[in-house]
Amino acid sequence: MDKCYNIERMLKYFSADYVLPISSPPIRNGVVAIDQDGVIKGVYNSDEAPIEAEVRKLSGVLVPGFINGHCHLELSYLKGHVPEKQGLVDFLLYVMRHRNPTAGEEEIEKAMKKADEMMYNNGIQAVGDHVNTALSANIKEKSKIQYHTFVEIIGLQEEVVGQKIDEAKEIEFYFDHLHSSITLHAPYSCSKSMLTAFKKSVSERNIISIHNQESEEENILFRYAKGDFIRFYKEIGVDISHFKPQARASLQYFLPYLPSTNRVILVHNTYTTVKDIDFALRTRRNVALCICPKANLYIEDTLPRLSVINHGADIIIGTDSLASNDTLDILEELKVLHRHYPELDFVKTMQWATLNGAKALGMGDQLGSLEVGKTPGLVLLKNMKQLHLTEDVKVERIV
Ligand SMILES: [Zn+2]
């Protein structure tokens, strides 16, 4: 038995009705070779696999592991607690008032661990996760999932700008330094001086992930200095009497304040218009739109417009947290999108759910597509109708 043959035996071969490499067209009856470390060693047409290979035939569509572009692991303990379809302001107020569960850190940790395992079993390979504390650091270190942690900055008061940035950097220190950054929570939770100070305090490598236009009230706030956010500030005791109407939609107000060369993930975009996207694309920034369909239905009972999704910006898919979702499952997010927008093409939405997300999180060289040398995970979608997603489709992690 020669050495070469030995190496060949250590590889596992899987075939399925279709293999979706994502970086290249679907292969009918394709074959994937993967080694014991999860490294892709070959992607073949049905007649190209080495003849000595023992191929395990699977029924369904083989895809790389999903990328969850947006989550808050820390909020997992709020599953089933927050009333649905109340609008963003009441959602935020509820979460702020219930931020500390009665059972404390132990309850938060237990819920995070369960959520992490749920995501892995649902075929998720990497997650962009927002935090306000270092509580998730241990779980992330031990997890089979690769996380990029975004430490959120919330800063409405002028006097605490520098302090808030320092605090975020201290929390960031607890996480994988190659896959963490500090970020702004949302335009409505950061003052103008915070936006300016943030720009000066981050390097080019710092990926930004910011909640954007999740509610029409956010646009009303920046356009007219009116609406439900005025009630929000009153209830949390923040004086914004100095705030002037900006006469433009939220995104057009805050985007110019962000550092121009950093990668930016805009999360939700539920009330973003085609005009806003044109504005963002004209700035030639590296911008991705993260769509979280189930959370949008949970909070605002609506979805981003199809014209916005199809307007040429990179799309990625997120689950948001269990505070606004009953599961952390990218396949379920895709089902919602396809149910509401039947004209969407599955091969395209799979790219949003895998390679686009990996690139946005700075993991595109390792994850998101079945390409030789990558370690993207291997996921089987069962009960597919050719390359069409139906409600019956189930996910099974193969590698
Ligand atoms: Zn969020």
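Author: Three histidines hold the zinc ion: His 70, His 72 and His 211 each donate through NE2, at 2.1 to 2.2 Å. Donors here are N, O and S atoms within 2.8 Å of the metal (3.2 Å for Na, K and Ca), and water is not among the atoms, so sites may look incomplete. Along the chain the donors follow the pattern H-x1-H-x138-H. His 72 sits in the loop between β8 (66-71) and α2 (88-97) while His 211 is in strand β12 (residues 208-212), so this pair ties together parts 139 residues apart in sequence. Helices (H or I, at least four residues) and strands (E, at least two) are DSSP runs, numbered from the N terminus.

Keep in mind that this is a predicted model: local features need pLDDT of at least 70, side-chain atom pairs count only at pLDDT 80 or more, and totals for chains, interfaces and linings use all residues. Residues are numbered from 1 along each chain as its sequence is written, and side-chain values use heavy atoms, leaving out hydrogens and water.

Now the domains. The assignment, which is automatic or from a database, gives domain 1 (3-63 + 387-397) and domain 2 (66-367). Between them, about 1400 Å² is buried, with carbon and sulfur atoms giving 69%; that's the accessible area (1.4 Å probe) the two parts lose on being put together, summed over both. On the domain 1 side, Ile 22, Leu 389 and Arg 397 lose the most area to domain 2, together 48% of what that side buries. There's one salt bridge between the domains, meaning a side-chain nitrogen of Lys or Arg within 4 Å of a carboxyl oxygen of Asp or Glu. Glu 391 also pairs with Arg 339 in a salt bridge, with the closest N and O atoms 2.9 Å apart.
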